[in-house]
Structures are given as C-alpha cells and as structure tokens.
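Have the structure open and follow along.

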Amino acid sequence: MALLELRGVTVRFPGHTALDAVDLEVAEHETVCVLGPSGSGKSTLLRVVAGLQEAEAGRVLLAGRDQTGVPAHRRGVGLMFQDQQLFPQRDVGGNIAFGPRVRGAGRAEAERRTAELLELVGLPGAARRPVASLSGGEQQRVALARALAPSPRLLMLDEPLGQLDRGLRERLVVELRGLFRRLGTTVLAVTHDQGEAFALADRVVVMHRGRIAQEGPPAEVWQRPASEFVARFLGFRNVVEAGIQEGTARTPWGPVPVPPGTAEGPGRVLIRPSGVRLSSPGEGLRCTVSARTFRGDHVVVLLRPEAGPELEAACPLREAPAEGDAVGVVFVPGEVVPLPC
Ligand SMILES: Nc1ncnc2c1ncn2[C@@H]1O[C@H](COP(=O)(O)OP(=O)(O)OP(=O)(O)O)[C@@H](O)[C@H]1O
C-alpha cells in the first residue's frame with residue numbers, strides 16, 4: 001500500500017511553475033530518491049509533503065489521509081535538510097532527544113531512545129560529546145539520528161550527504177541503505193548526485209521543470225533512459241539524431257545497429273560508452289583519441305571521429321589507447337538505446 005501519494009500537485013511561484021501536476025506514490029518501506037538539476041522542483045516537492053509549502057492544486061495523502069490543512073508538526077514526517085544545523089549549545093544526546101522530549105517523552109525514555117539511535121548510526125556512547133567536537137560525517141549521523149528519533153512514518157532527506165567529501169558519502173550511503181532496510185523506514189530523499197540516488201534508492205524519480213521525466217528502478221532508468229533529457233542528465237554524451245530503418249540508425253557517425261523491434265522513422269539514439277568498442281584503425285569509424293579520464297577500474301576515452309560529434313567510449317584500463325592515437329570504432333547493438341525525438 002502507498003504510504004505517500006501525491007495527486008496532481010501543482011505549486012506556482014510568481015512567473016514560475018515549480019511543480020506541475022505531479023503524481024507520485026511511495027510504498028511503505030520503500031526508499032525513493034528524487035533526482036534532477038537545480039531548480040527542477042525537488043525541494044518544493046519535499047516541502048509540500050512536509051506541509052511547509054501549500055499546493056495550489058492537487059492533494060497529498062499520507063496513509064490514505066488527505067493532508068490539506070494538516071500543519072507540518074502533525075504530519076508525522078521526519079526531515080533532514082542539507083543546511084540543517086545541529087543545535088550547537090546542546091550536546092549530541094540533547095540534539096537527538098529534542099524531538100521525543102517535545103512530544104512528551106520522559107527523560108529516561110528519551111535517553112534510552114538516544115542511546116539506541118546512537119548505536120544504530122554507528123556512534124555508540126557519544127551522547128555527551130559536544131556537537132563542535134564532531135567531524136562532518138559524524139554530524140550527519142547525529143542529524144539522521146535526530147530525524148529518526150520521533151519514529152516518523154516517513155523520513156524525508158534533502159541532499160542528506162551534500163556537504164561531505166565523496167569517499168565519506170559513498171560509505172555513508174551504503175550504511176544508510178542498510179539502516180533503512182533494517183528499520184523498515186519509508187524514505188523520500190532528494191539529491192542531485194546520481195551516484196547517491198542510484199546507491200540508496202529502490203526507485204528513482206528524475207524531475208525536469210516541475211514534472212517527472214522518468215521513474216523506475218535504478219538499473220532500469222540507467223539502462224533505458226526515456227528521453228534525451230534523462231540520458232544527458234545521467235551524464236551520457238553520445239546522443240545524436242538518427243533516421244531508423246531496417247534495424248539500422250543512420251547517424252552522423254555512420255550506420256549504427258539498433259535493437260530488434262525499434263520503431264522506424266526519424267528519432268534519436270543514445271550509444272552508451274560501453275557500446276563504443278575500440279578496434280584497430282582500419283576497422284569501422286576512424287577516430288583520434290582526444291582525452292582520457294581514469295574512473296577506477298576503467299577509462300573513459302574521448303574520441304574525435306572523422307565525421308560527427310565527439311564520442312565517449314569506456315574501456316578496460318589495460319586496453320586504453322593513448323591521447324593522439326588513431327583507433328577504429330565499432331558499435332555494439334545491445335548498448336544502443338532509441339530515444340523519442
Ligand atoms: N519561495 C519561492 N519563491 C519563488 N520561487 C521559488 C520559491 N521556492 C522555489 N522557487 C523556485 O522554484 C523552482 C524550484 O525550486 P526547488 O528549490 O524546488 O528546486 P530544486 O530542484 O530543489 O533545486 P536545487 O537542487 O537547486 O535545490 C526554482 O526555480 C526556484 O527558484
């Protein structure tokens with residue numbers, strides 16, 4: 001059953017539609033990550049659900065109940081915002097116990113809950129530490145414990161790991177996922193970092209100008225971007241116009257095989273970097289290597305073809321050609337994704 005439902009939610013600011021008739025459901029125990037460029041409406045979406053922003057049209061339902069007119073503090077949602085500061089004058093325990101205390105929990109109960117949450121976020125025994133003595137990552141964990149303390153039925157995170165360095169973020173994301181699984185928390189998170197969203201989410205929602213451009217399981221969205229916008233937002237560069245006929249796309253790079261069943265006619269195609277196979281200079285499209293970027297276990301190679309725009313290829317570290325090398329390129333049909341015009 002859907003814990004959260006948005007039906008036709010519209011928010012307009014003077015001269016600007018921040019959310020345009022958005023429909024979205026989040027099932028109980030599900031983690032949904034909303035992704036999108038700056039200004040696409042992600043934070044507005046969270047604010048509407050939290051009751052911090054009124055919708056001009058549409059409805060927000062929590063556990064089937066219309067939230068119109070229900071104030072933020074009565075909605076039972078937990079919030080963790082990017083720029084949310086911990087209370088500097090309170091220690092760690094004081095920060096976490098704040099919510100339960102405000103809601104009427106006794107001192108002993110609040111302390112027990114605090115100890116339990118500190119254990120959960122990997123900071124056992126830290127209750128009496130001053131906030132100023134914590135590292136950035138530890139502060140994020142305390143902020144998370146504080147958001148979880150009142151046992152919200154829905155936890156909403158806005159760029160939860162935004163200010164941390166990449167290594168720490170990658171580690172925390174894995175921990176968060178495990179934590180949400182164990183607790184069975186329902187999570188709606190917003191991020192502009194696709195890596196974070198894809199690692200955390202059961203389902204990702206990509207927003208574009210106040211609308212949902214695509215939603216689905218991370219692997220599906222990654223494998224099959226539904227539009228040029230989504231493909232480019234995910235960082236794919238090999239998108240071109242193509243006339244599709246008899247299993248072949250006519251592109252500026254020459255003929256490219258498309259998957260069986262692709263609709264004929266004018267369109268666009270995405271060729272994933274893994275679908276740009278490098279071979280010897282005599283074979284396929286002639287290209288010159290213009291740049292190489294190391295990405296851990298593989299190399300992304302930027303190619304200047306004899307015809308058409310630059311191409312991006314991914315290849316294993318050992319096989320990466322050097323800058324300036326001449327190579328041939330052959331396209332792999334399974335890595336070609338037809339896109340609507
Ligand atoms: N209170 C407001 N008054 C006027 N315009 C607003 C207000 N809040 C948001 N907007 C505008 O609505 C649009 C959507 O904003 P929102 O903060 O939801 O985007 P976002 O996707 O979260 O962006 P970011 O990733 O930069 O945080 C933006 O163009 C923003 O300028």
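The buried residues of helix H2 pack against helix H3 (107–120) and helix H4 (136–148). A word on terms: helices (H or I, at least four residues) and strands (E, at least two) are DSSP runs, numbered from the N terminus. A residue counts as buried if 20 or more other C-beta atoms lie within 10 Å of its own, as exposed if 12 or fewer do, and as partly exposed in between, with C-beta atoms placed from the backbone. H2 itself covers residues 92–102, and its buried residues are Val92, Gly93, Asn95, Ile96, Ala97 and Pro100. After H2 comes Gly104, which has a positive phi near 100°.

Keep in mind that this is a predicted model: local features need pLDDT of at least 70, side-chain atom pairs count only at pLDDT 80 or more, and totals for chains, interfaces and linings use all residues. Residues are numbered from 1 along each chain as its sequence is written.

Now for the whole chain. There are eight helices and 20 strands, and 36% of the 341 residues are buried. The C-alpha atoms fill a box of roughly 75 × 45 × 35 Å along the principal axes. Call two residues in contact if their C-beta atoms, placed from the backbone, lie within 7 Å. Of the contacts with a separation of 6 or more, 64% are between residues 24 or more positions apart.

Four residues of domain 1 are in contact with six residues of domain 2. On the domain 1 side, those residues divide into one nonpolar, one polar and two charged. Here Ala, Val, Leu, Ile, Met, Phe, Trp, Tyr, Cys and Pro count as nonpolar, Asp, Glu, Lys and Arg as charged, and the others, Gly among them, as polar.

Leaving out residues up to four places away in sequence, Met156 touches Leu46, Val49, Ala50, Val77, Gly78, Leu79 and Leu188.

| Pair | Sense | Bridges | Opposite residues |
|---|---|---|---|
| S11 (239–245) and S14 (265–271) | antiparallel | six | Val240 and Val269 |
| S14 and S20 (336–339) | antiparallel | four | Ile271 and Val336 |

Which residues surround the ligand? They are Phe13, His16, Ala18, Gly36, Ser38, Gly39, Ser40, Gly41, Lys42, Ser43, Thr44 and His192; the cut-off is a C-beta atom, placed from the backbone, within 6 Å of the molecule. By type, that shell has two nonpolar, nine polar and one charged. Strand S2 (16–27) and helix H1 (42–50) each supply at least two of its residues, and H1 gives the most, with three.

Last stop: His29, in the loop between S2 and strand S3 (31–35). His29 counts as partly exposed because it has 14 C-beta neighbours inside 10 Å. Beyond its neighbours within four places in sequence, His29 is in contact with Gly184 and Thr186.

Conventions:
Pairing = 2+ DSSP bridges.
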